[in-house]
There are 2 protein chains.
Amino acid sequence: MRRRTGRRPGDTQTRDAILDAARRHFADHGYRGATMRGIARDAGVDPALIHHFFGRKIDLFRATIDAILAPTELVPRLLRNRHGGADPSAGGAAFMLRRWQDPEQRLQLLAMLRAAATDDEAAAILRDVVHRDVIGAVPQAGEGDDTRVGIGLLGSHVLGLALLRNIVQLPVLIAEDIERLAAILERAHPMDRVLPRGTRVGGLEPAAATHAESA
Amino acid sequence: MRRRTGRRPGDTQTRDAILDAARRHFADHGYRGATMRGIARDAGVDPALIHHFFGRKIDLFRATIDAILAPTELVPRLLRNRHGGADPSAGGAAFMLRRWQDPEQRLQLLAMLRAAATDDEAAAILRDVVHRDVIGAVPQAGEGDDTRVGIGLLGSHVLGLALLRNIVQLPVLIAEDIERLAAILERAHPMDRVLPRGTRVGGLEPAAATHAESA
């Protein structure tokens, strides 16, 4: 729900101000500790306005996760290296690792990781965004296509790296250049070629949606 | 500090009982919420006895992380596939993923992840165990040897997988057989061959200790 028709000019600014306040508030207080009243106060708006734009707290948290994972920008980049793409530095891992170099983005990422690690409801929202908006946006090429498993594996590696590099601060990973790490991850996860071709991979229903944007 | 000389017969049982109680207590209350008094009560011993065996809360938490990561068992398995080892299912990733299939072990693992994600002190202990007892136990073969970076990358993948599979419960990863995931991870992380040979990797001091056990 990026944009709706019939929106008045000031709406986008108000919406962005609420989203900014929400991201900071979730980072400071965690998912469970955050309140709509507190976010409204931080954003300088009436709580009813947040409800008007985003619905409940769970919907607002989902909007912040969308802003961190950016599925519509991420998916085409993931697919770029689907068939052993030419440039590993243009893939999905590079996109995410670079994106999270921005201090504000990293703060949000860590808040998301912390919330998902400790709160079942927050974990469910992260699952839903990755499952539906990232993995669900990838067209299934056939029975033996492992792209979706590959994305799940790449995602686990990128998030684990964020955990060990930024939260645990493991020296051997901190010492590594982010561009080099991105290249390693792209090479380690060649999407549809993670598993031997033709191997059956079950458990995921067919893609529900396909993004209009493409690489 | 696995075993000391001059220990009386009942000591090992008492020590194990305290460790069991501590693992459950940390899982239930997190690192910050756990108290030595509470652990003593759960274990049915005097708090002074815990202090005698383990020292402070931070030392006791470290002992539980040791029990989860099992560095002395893990390191030889990590090195087994160092030079493109014969059997990927015998490597370090397979060892950890299989180990965490045990419900009790998995509970402890998730408690460790949650504590490390939310508590700086707990994160520092996890960093210390991985940096010193796992990565530090790997002999550096020379300037171009990337084994330690490889272990850091494998570790980030294994922990990220635990996060997305067990906490976030991403369907596409839950659907995968653990043996297959282990094989994929072993293949994706061939230890010393993660990066092109001869590339300089800095930032880690020479190995402080080498485990006597070997594959």
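First, the conventions. Residues are numbered from 1 along each chain as its sequence is written, and chains are lettered from A and ligands numbered from 1 in the order in which they are written. In this predicted model, local features need pLDDT of at least 70, side-chain atom pairs count only at pLDDT 80 or more, and totals for chains, interfaces and linings use all residues, while side-chain values use heavy atoms, with hydrogens and water left out.

Now the interface. On chain A, 50 residues are in contact with 50 residues of chain B, where contact means heavy atoms within 4.5 Å. About 3,900 Å² is buried between the two chains, and carbon and sulfur atoms give 74% of that. Buried area here is the accessible area, with a 1.4 Å probe, that two parts lose on being put together, summed over both.

How many salt bridges does the rule find across this interface? It finds 0, taking a salt bridge as a side-chain nitrogen of Lys or Arg within 4 Å of a carboxyl oxygen of Asp or Glu. For polar contacts, the rule finds 8 residue pairs, both residues at pLDDT 80 or more. A polar contact is a pair of N or O atoms within 3.5 Å; within protein, one must be able to donate a hydrogen and the other to accept it, and residues adjacent in sequence count only if both atoms are side-chain atoms.

On the chain A side, the elements giving two or more residues are helices H7 (103–118), H8 (120–134), H9 (147–167), H10 (171–174) and H11 (178–188). Helices are DSSP runs of H or I, at least four residues, and are numbered from the N terminus. H9(A) gives the most, with 13 residues.

Next, B:His157, which sits in helix H9 (residues 147–167) of chain B. Its relative accessible area is 1%, so it is buried; buried means under 20%, exposed over 50%, and partly exposed in between, with a 1.4 Å probe and protein chains only. A polar atom of its side chain lies 3.1 Å from the backbone oxygen of A:Leu153. Leaving out residues up to four places away in sequence, B:His157 touches A:Leu153, A:Ser156, A:His157, A:His189, B:Leu185 and B:His189.

Last, two backbone angles. A:Gln169 has a phi near 55 degrees, positive in a residue other than glycine. A:Gln169 lies in the loop between H9 and H10 of chain A and is partly exposed, at 39%. B:Ala70, also not a glycine, has a positive phi of about 45 degrees. B:Ala70 is in the loop between helix H4 (57–69) and helix H5 (71–80) of chain B, and counts as buried at 1% relative accessibility.
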